[in-house]
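Q: I am new to this structure. Could you walk me through how to read its features?

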Amino acid sequence: LALSFFNYRRDREKLSCRIRFISGQPRNEDETKHPPSLIVHVANAGRRLIVLRTVGCFYSDGSWTGEYLKHPDGLMLKEKEFYEHTFTWDSYLLHDPESDALPTAIWFEDSIGKKHHLKGSKQALSKYYAAIKQAE
């Protein structure tokens, strides 16, 4: 019984998600200034194939929006494969023209409808918007 539980835990799908804020500020005077961005790193840490379909955001007014990943059948991540998605200042998920609400969380949805939330996305988004306001 213990061996079956161990195999179940080992063989299940598991998604590891990280988010990183890039300020875009030059480190010295020779570098050029870039707009701030957010880089999301998603990796399959389990043994089963995961198919990611959409990336989306929850907003402060309770709404949400998402967009399909650029792959027609979804993004297939085998064991130990990863995907990086970059949000820049022109990403419509971060700047929704239909409302003034700001995103509060970023998530990925897989083919079975499970949402994988990014830990630390709230803090990274607040740093991102603080950098955007500072640049204006």
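Q: Where is K80 found?
A: This is a predicted model. In it, K80 is found in the loop between β5 (75-77) and β6.

Q: What is the phi of K80?
A: Phi of K80 is near 70 degrees. That is a positive value, and K80 is a residue other than glycine.

Q: Is K80 buried or exposed?
A: Exposed means over 50% relative accessible area. K80 has 67% relative accessibility, so K80 counts as exposed.

Q: How many residues of the protein count as buried, as a percentage?
A: The protein has 136 residues, and 37% of them count as buried.

Q: In which order do the strands β1, β2 and β6 form a sheet?
A: The order is β1-β2-β6, in an open sheet of 3 strands with antiparallel pairing. β1 (15-22) and β6 (82-87) each have a single partner strand, so one side of each is left without a neighbour in the sheet. Neighbouring strands of this sheet are turned by 15 degrees against each other on average, direction ignored.

Q: How many bridges join β2 and β6?
A: Strand β2 (residues 37-44) pairs with β6 over 6 bridges, in the antiparallel sense.

Q: Which helix lies across β1 and β2?
A: Helix α2 (residues 121-135) does. Helix α2 runs at about 20 degrees to β1.

Q: What describes a pair of aromatic rings?
A: Two values do: the distance of the centres and the angle of the planes. This structure holds 3 aromatic pairs. One of them joins Y128 and Y129, with 5.1 Å centre to centre and 80 degrees between the planes. Planes over 60 degrees apart count as edge-to-face, so that is the label for this pair. Both Y128 and Y129 are buried.

Q: Which residues form an aromatic cluster?
A: F58, W64 and W107 form one.

Q: Where does the charged end of K115 sit?
A: The charged end of K115 sits over the ring of W64, 5.4 Å from its centre. K115 also lies over the face of W107, at 4.7 Å from the ring centre.

Q: What share of the contacts comes from residues 24 or more positions apart?
A: Count the contacts in the protein with a separation of 6 or more. Residues 24 or more positions apart account for 65% of them.

Methods:
Residues are numbered from 1 along each chain as its sequence is written. This is a predicted model: local features need pLDDT of at least 70, side-chain atom pairs count only at pLDDT 80 or more; totals for chains, interfaces and linings use all residues. Side-chain values use heavy atoms; hydrogens and water are left out. Two strands pair if DSSP finds at least two bridges between them. Helices (H or I, at least four residues) and strands (E, at least two) are DSSP runs, numbered from the N terminus. Axes are lines fitted to C-alpha atoms, for helices over the stretch in contact, and angles run from 0 to 180 degrees between N-to-C directions. Contact means heavy atoms within 4.5 Å. Buried means under 20% relative accessible area, exposed over 50%, partly exposed in between (1.4 Å probe, protein chains only). Rings of Phe, Tyr and Trp (its six-membered ring) pair if their centres lie within 6.5 Å; planes under 30 degrees apart count as stacked, over 60 as edge-to-face and the rest as tilted. A charge sits over a ring if NZ of Lys or CZ of Arg is within 6 Å of the ring centre and within 35 degrees of the ring normal.
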